[in-house]
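Please read the following note with the sequence and the model side by side. The points are meant to be checked one at a time.

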Amino acid sequence: GPAGVQLRWTASGTLIIAASMTVGEFLVPRWLVMSRRERPDVAINLAVRNSTEVARQVVDRTSDVGFIESPALPPDVHSQTIREDALCVVVGRAHAWAQARSGISAEELGSTPLIQRECGSGTRATLQRALQAARSTAAAPPLLELGSNSEIKTALLEGGAAAVLSRLAVARELRDGSLVAVSTPELDLT
(Lines give C-alpha, C1' and ligand atoms only; values in the text may rest on other atoms or scores of the structure.)
Protein backbone atom coordinates (compact mmCIF):
# COMPACT_ATOMS: atom_id res chain seq x y z
CA GLY A 1 0.00 0.00 0.00
CA PRO A 2 0.97 3.67 0.06
CA ALA A 3 2.62 3.30 3.45
CA GLY A 4 4.91 0.58 2.11
CA VAL A 5 3.13 -2.24 3.90
CA GLN A 6 1.86 -5.28 2.10
CA LEU A 7 0.73 -8.25 4.13
CA ARG A 8 1.63 -11.51 2.44
CA TRP A 9 -1.18 -14.00 2.79
CA THR A 10 0.05 -17.57 2.94
CA ALA A 11 -3.18 -19.48 3.44
CA SER A 12 -6.83 -18.88 4.10
CA GLY A 13 -7.80 -18.84 7.74
CA THR A 14 -7.20 -16.22 10.40
CA LEU A 15 -4.38 -13.71 10.59
CA ILE A 16 -3.70 -12.55 14.14
CA ILE A 17 -2.11 -9.11 14.28
CA ALA A 18 -0.93 -7.15 17.29
CA ALA A 19 -0.18 -3.44 16.99
CA SER A 20 1.01 -0.77 19.35
CA MET A 21 -1.48 1.94 20.26
CA THR A 22 -0.43 4.65 17.81
CA VAL A 23 0.19 2.29 14.89
CA GLY A 24 -2.99 0.36 15.70
CA GLU A 25 -5.11 3.50 15.80
CA PHE A 26 -3.73 5.45 12.86
CA LEU A 27 -2.02 3.11 10.36
CA VAL A 28 -3.00 -0.55 10.61
CA PRO A 29 -6.73 -0.08 9.97
CA ARG A 30 -5.97 1.48 6.56
CA TRP A 31 -3.51 -1.28 5.73
CA LEU A 32 -6.04 -3.94 6.68
CA VAL A 33 -8.78 -2.47 4.53
CA MET A 34 -6.43 -2.52 1.53
CA SER A 35 -5.31 -6.08 2.33
CA ARG A 36 -8.89 -7.35 2.70
CA ARG A 37 -9.56 -6.32 -0.88
CA GLU A 38 -6.86 -8.76 -1.99
CA ARG A 39 -7.83 -11.61 0.33
CA PRO A 40 -11.45 -11.36 1.53
CA ASP A 41 -11.33 -15.03 2.57
CA VAL A 42 -8.88 -14.37 5.42
CA ALA A 43 -10.31 -13.39 8.79
CA ILE A 44 -8.31 -10.74 10.60
CA ASN A 45 -8.03 -10.37 14.34
CA LEU A 46 -6.35 -7.13 15.48
CA ALA A 47 -5.30 -6.57 19.08
CA VAL A 48 -4.07 -3.11 20.07
CA ARG A 49 -1.58 -3.14 22.95
CA ASN A 50 1.52 -1.23 24.03
CA SER A 51 4.80 -1.98 22.23
CA THR A 52 6.20 -4.24 24.94
CA GLU A 53 3.06 -6.42 24.92
CA VAL A 54 3.03 -6.59 21.11
CA ALA A 55 6.64 -7.82 21.04
CA ARG A 56 5.83 -10.39 23.74
CA GLN A 57 2.85 -11.68 21.73
CA VAL A 58 5.03 -12.15 18.65
CA VAL A 59 7.74 -13.94 20.68
CA ASP A 60 5.09 -16.14 22.34
CA ARG A 61 3.53 -16.77 18.91
CA THR A 62 0.11 -15.66 20.07
CA SER A 63 0.22 -13.14 17.21
CA ASP A 64 1.34 -13.85 13.66
CA VAL A 65 2.77 -10.37 13.14
CA GLY A 66 3.22 -7.25 15.23
CA PHE A 67 3.54 -3.59 14.37
CA ILE A 68 5.20 -1.36 16.95
CA GLU A 69 6.55 2.14 17.29
CA SER A 70 9.49 1.73 19.61
CA PRO A 71 13.22 2.46 19.70
CA ALA A 72 14.16 -1.04 20.92
CA LEU A 73 13.16 -4.65 20.25
CA PRO A 74 13.76 -7.91 22.06
CA PRO A 75 16.77 -9.71 20.53
CA ASP A 76 14.70 -12.73 19.40
CA VAL A 77 12.34 -10.74 17.16
CA HIS A 78 12.95 -10.29 13.44
CA SER A 79 12.03 -6.76 12.43
CA GLN A 80 11.90 -4.43 9.49
CA THR A 81 11.44 -0.67 9.59
CA ILE A 82 8.54 0.28 7.36
CA ARG A 83 8.02 3.91 8.33
CA GLU A 84 9.43 6.60 10.56
CA ASP A 85 7.32 8.81 12.77
CA ALA A 86 8.17 11.77 14.96
CA LEU A 87 6.95 12.63 18.40
CA CYS A 88 6.16 16.20 19.34
CA VAL A 89 5.59 18.11 22.53
CA VAL A 90 1.96 19.24 22.62
CA VAL A 91 0.06 21.60 24.88
CA GLY A 92 -3.32 23.30 24.96
CA ARG A 93 -3.58 26.84 23.56
CA ALA A 94 -3.60 28.39 27.06
CA HIS A 95 -0.36 26.69 28.18
CA ALA A 96 2.68 28.99 28.60
CA TRP A 97 4.71 26.83 26.18
CA ALA A 98 2.21 27.54 23.40
CA GLN A 99 3.75 31.04 23.16
CA ALA A 100 7.42 29.86 23.28
CA ARG A 101 8.47 30.90 19.78
CA SER A 102 12.00 29.52 20.10
CA GLY A 103 10.74 26.33 21.75
CA ILE A 104 11.85 24.78 25.00
CA SER A 105 15.09 23.18 26.09
CA ALA A 106 15.65 19.51 26.77
CA GLU A 107 16.31 20.48 30.39
CA GLU A 108 12.94 22.21 30.74
CA LEU A 109 11.07 19.35 29.11
CA GLY A 110 12.89 16.72 31.16
CA SER A 111 12.31 18.49 34.47
CA THR A 112 8.59 19.01 33.81
CA PRO A 113 6.09 16.35 34.91
CA LEU A 114 4.22 15.41 31.74
CA ILE A 115 1.09 13.47 30.99
CA GLN A 116 2.62 10.25 29.67
CA ARG A 117 1.68 6.89 28.31
CA GLU A 118 2.17 3.84 30.53
CA CYS A 119 5.47 2.00 30.98
CA GLY A 120 5.98 -0.30 28.00
CA SER A 121 4.78 2.32 25.54
CA GLY A 122 7.05 2.99 22.57
CA THR A 123 6.14 6.68 22.80
CA ARG A 124 7.38 6.85 26.37
CA ALA A 125 10.53 4.85 25.60
CA THR A 126 11.37 7.13 22.67
CA LEU A 127 10.99 10.23 24.83
CA GLN A 128 13.17 8.77 27.57
CA ARG A 129 15.87 7.80 25.06
CA ALA A 130 15.86 11.29 23.50
CA LEU A 131 16.11 13.00 26.89
CA GLN A 132 18.95 10.73 27.96
CA ALA A 133 20.83 11.47 24.74
CA ALA A 134 20.41 15.22 25.21
CA ARG A 135 20.87 15.49 28.96
CA SER A 136 22.25 12.18 30.24
CA THR A 137 19.36 11.96 32.69
CA ALA A 138 15.87 10.50 32.83
CA ALA A 139 12.60 12.40 32.61
CA ALA A 140 10.77 13.72 35.66
CA PRO A 141 8.11 11.42 37.08
CA PRO A 142 4.85 11.69 35.12
CA LEU A 143 2.12 14.10 36.15
CA LEU A 144 -0.35 11.44 34.98
CA GLU A 145 0.00 8.05 33.30
CA LEU A 146 -2.75 7.29 30.82
CA GLY A 147 -3.24 4.28 28.58
CA SER A 148 -4.15 5.83 25.25
CA ASN A 149 -3.48 8.78 22.99
CA SER A 150 -7.15 9.79 23.19
CA GLU A 151 -7.08 9.96 26.98
CA ILE A 152 -3.95 12.13 26.90
CA LYS A 153 -5.41 14.49 24.31
CA THR A 154 -8.58 14.90 26.37
CA ALA A 155 -6.51 15.71 29.47
CA LEU A 156 -4.43 18.26 27.52
CA LEU A 157 -7.53 20.06 26.34
CA GLU A 158 -8.63 20.46 29.96
CA GLY A 159 -5.70 22.33 31.36
CA GLY A 160 -2.14 23.39 31.79
CA ALA A 161 -0.27 20.14 31.24
CA ALA A 162 2.03 19.03 28.43
CA ALA A 163 2.59 15.67 26.75
CA VAL A 164 4.75 14.10 24.06
CA LEU A 165 2.78 12.19 21.43
CA SER A 166 3.15 10.93 17.89
CA ARG A 167 2.46 13.51 15.21
CA LEU A 168 0.09 10.93 13.74
CA ALA A 169 -1.95 10.98 16.95
CA VAL A 170 -2.28 14.78 17.13
CA ALA A 171 -2.45 15.74 13.45
CA ARG A 172 -6.15 16.66 13.58
CA GLU A 173 -5.79 18.72 16.77
CA LEU A 174 -2.75 20.56 15.41
CA ARG A 175 -4.68 21.39 12.22
CA ASP A 176 -7.75 22.68 14.08
CA GLY A 177 -5.61 24.58 16.61
CA SER A 178 -6.97 22.92 19.75
CA LEU A 179 -3.43 21.71 20.52
CA VAL A 180 -0.13 23.44 19.82
CA ALA A 181 3.17 21.75 18.94
CA VAL A 182 6.13 23.09 20.91
CA SER A 183 9.56 23.08 19.30
CA THR A 184 12.36 21.13 21.01
CA PRO A 185 15.47 21.96 18.96
CA GLU A 186 17.84 19.99 21.23
CA LEU A 187 15.93 16.71 20.93
CA ASP A 188 15.63 14.10 18.20
CA LEU A 189 12.12 12.75 18.70
CA THR A 190 12.08 10.61 15.53
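1. A residue is called buried under 20% relative accessible area, exposed over 50%, and partly exposed in between (1.4 Å probe, protein chains only). This is a predicted model, in which local features need pLDDT of at least 70, side-chain atom pairs count only at pLDDT 80 or more, and totals for chains, interfaces and linings use all residues. Residues are numbered from 1 along each chain as its sequence is written, and side-chain values use heavy atoms, with hydrogens and water left out.

2. The whole structure holds 4 salt bridges, a salt bridge being a side-chain nitrogen of Lys or Arg within 4 Å of a carboxyl oxygen of Asp or Glu. One of them links R117 and E118 at 3.2 Å, N to O. E118 is buried at 16% relative accessible area, and R117 is buried at 4%.

3. Another salt bridge joins R39 to D41 at 2.9 Å, N to O. Here R39 is partly exposed at 21%, and D41 is partly exposed at 43%.

4. K153 and E173 also form a salt bridge, with their closest N and O atoms 3.2 Å apart. K153 lies in helix 6 and E173 in helix 7, so the pair ties together parts that are 20 residues apart in sequence. Helices (H or I, at least four residues) and strands (E, at least two) are DSSP runs, numbered from the N terminus. K153 is buried at 11%, as is E173 at 13%.

5. S178 sits in the loop between helix 7 and strand 8 and is buried, at 19%. Leaving aside neighbours within four places in sequence, S178 is in contact (heavy atoms within 4.5 Å) with residues including E173 and L157.
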